[in-house]
Amino acid sequence: VFDGVPPGKYSLWANAPGHVGSESVTLDVYEEYSTAVLVRLKATGTLTGALLGLTPAGQLEHLVVRGVPLNAVSTASPTASVSVPSGFNLVVQSRPSAQTFQGAISPDGTYAITDIAPGDYRVSVGTNLYAEAPADEAGPEESDAQRTVSIPSGQTVRLDLPAPRLGRVFGVVSRAMPAGDDCQSEVLLFSKSGDAWVVRHRTAVDEGGMYAFELVAEGQYLLATSYGGGVGIAVAPLVQVGAGASVRQDLAGGHGGIAGQVVDCSTGKPVRLARIDASLFEIAGVSEDEGRRIAGSVSQALKGKNCAPTIETDEDGRFRVTQVPQGKYEVEASGETWLPSSRVVTEVGSDTPPDVTLCVKAGAMVAGRVTTPSGAFPDSISAQLFSPAREGLIKNAMVENGMVQLGPVEGGG
């Protein structure tokens, strides 16, 4: 009961322990009238069960039961535009909602997961061994033994699941970066999701150059090694892991480098402090387009790693990229006031680095002052540069102390 509510339009919702929060209800409150509202809550359910079949010793502590909603009931979030009258406090509490759930398996092979929103779920058994991988890239590897289950409101459902037969992928990485170094080599394990390759697990290479992924679900995977935070990336052919199988895949290490010079397209003079980027272009055993997708996935997986310094040209415009595995690469140069060069394809296959020349053009810069009615500049103000010829946004920059600089860009309107 809310007493003394001023007339107006309100949103009302409810939640309670062990229940899914209600839908948001909009109501009008009139002067000298009482308004009655019925709010319906759904009790959460519980899923219990056990693993069927033999599970090797030591695996249970690393296994989890994971559920993904199919058409589970979702609830509306409280509106953020509710006006709170004087004397009233608005308190929004967290509540269970239709989402992925996960629970551990006990030493006796049983499990019990509570507080699940009613709905239909796809349930499988996976591993939590590689929780150190970024949350948006990795998760428990699902086995092929999946089950669909319906969780009714307020009820307990039992679902016994077949014990997964998990495999192992291991091998040796040649010329790995030293173990213990902040930039030591690591191996990434990808599986395919739609058209993209997604990182599932990642592990460091030990002092002997060995790596191993334990408890890997049956399926097809791709392995990649990164060196020095991504200066060099090697991708191995696809690996097929059978149920309970142990697969060895040795990986090539850094074989050489890429060297060259960056010059001004107009004058032929060396360009100092240009940035160099070498990205994977082609991978043995896959198509060129697939190779680009894999390279993009590897780059995304290594996002945020700052082990390797930015590779820049010296006084004579010379550069050298080291620890590069065998393969074909696209090399590109850019700079603070220089437009990106055309990409040059080069092949690394020995300790003698191929020599490439990259040509850059000076770009135009747009700079100016931004004013506001109050004279203040919040941190969130940015400026955008659009090109009608290119039909869209081409540059974006934050305003700092009222000044902004956009570029480099090609000349034009």
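## Salt bridges

In this predicted model, E315 is exposed, with a relative accessibility of 58%. The side chain of E315 meets that of R272 in a salt bridge, with an N to O distance of 3.0 Å. This pair links distant parts of the chain, 43 residues apart: E315 sits in the loop between α1 (288-301) and β23 (318-324), and R272 in the loop between β21 and β22. R272 counts as partly exposed, at 45% relative accessibility.

A search of the whole structure gives six salt bridges. Among them is the pair of D160 and R158, whose closest N and O atoms are 3.1 Å apart. D160 is partly exposed at 28% relative accessibility, whereas R158 is exposed, with a relative accessible area of 55%. Another of the salt bridges joins D250 to R248, with 2.9 Å between the closest N and O atoms. D250 has a relative accessibility of 38% and counts as partly exposed.

## Disulfide

The search of the whole structure finds one disulfide. The cysteines are C265 and C359, and their sulfur atoms lie 1.6 Å apart. A disulfide is a covalent bond between the sulfur atoms of two cysteines.

Both ends have intermediate accessibility values: C265 is partly exposed, at 31% relative accessible area, and C359 is partly exposed as well, at 35% relative accessibility.

## A three-stranded sheet

Three strands form an open sheet in the order β16-β13-β20, and their pairing is mixed. Its edge strands are β16 (210-216) and β20 (246-248), each of which pairs on one side only. From one strand to the next, the twist averages 15°.

Strand β13 (residues 167-172) runs antiparallel to β16, and five bridges join the two. Across this pairing, V169 stands opposite F213 in β16.

T44 is located in the loop between β4 (42-43) and β5 (45-52). The T44 side chain makes a polar contact with the side chain of D115, at 3.0 Å.

Note on methods:
Residues numbered from 1 in each chain as written. Predicted model: local features only at pLDDT ≥ 70, side-chain atom pairs only at ≥ 80, totals over all residues. Heavy atoms only, no water. Disulfide = S-S within 2.5 Å. Buried < 20%, exposed > 50% of the residue type's maximum accessible area, 1.4 Å probe, protein only. Helix = DSSP H or I, 4+ residues; strand = E, 2+ residues; numbered from the N terminus. Polar contact = N/O pair within 3.5 Å; in protein donor to acceptor, adjacent residues only side chain to side chain. Pairing = 2+ DSSP bridges. Axes fitted to C-alpha atoms, helices over the stretch in contact; angles between N-to-C directions. Salt bridge = Lys/Arg side-chain N within 4 Å of Asp/Glu carboxyl O.
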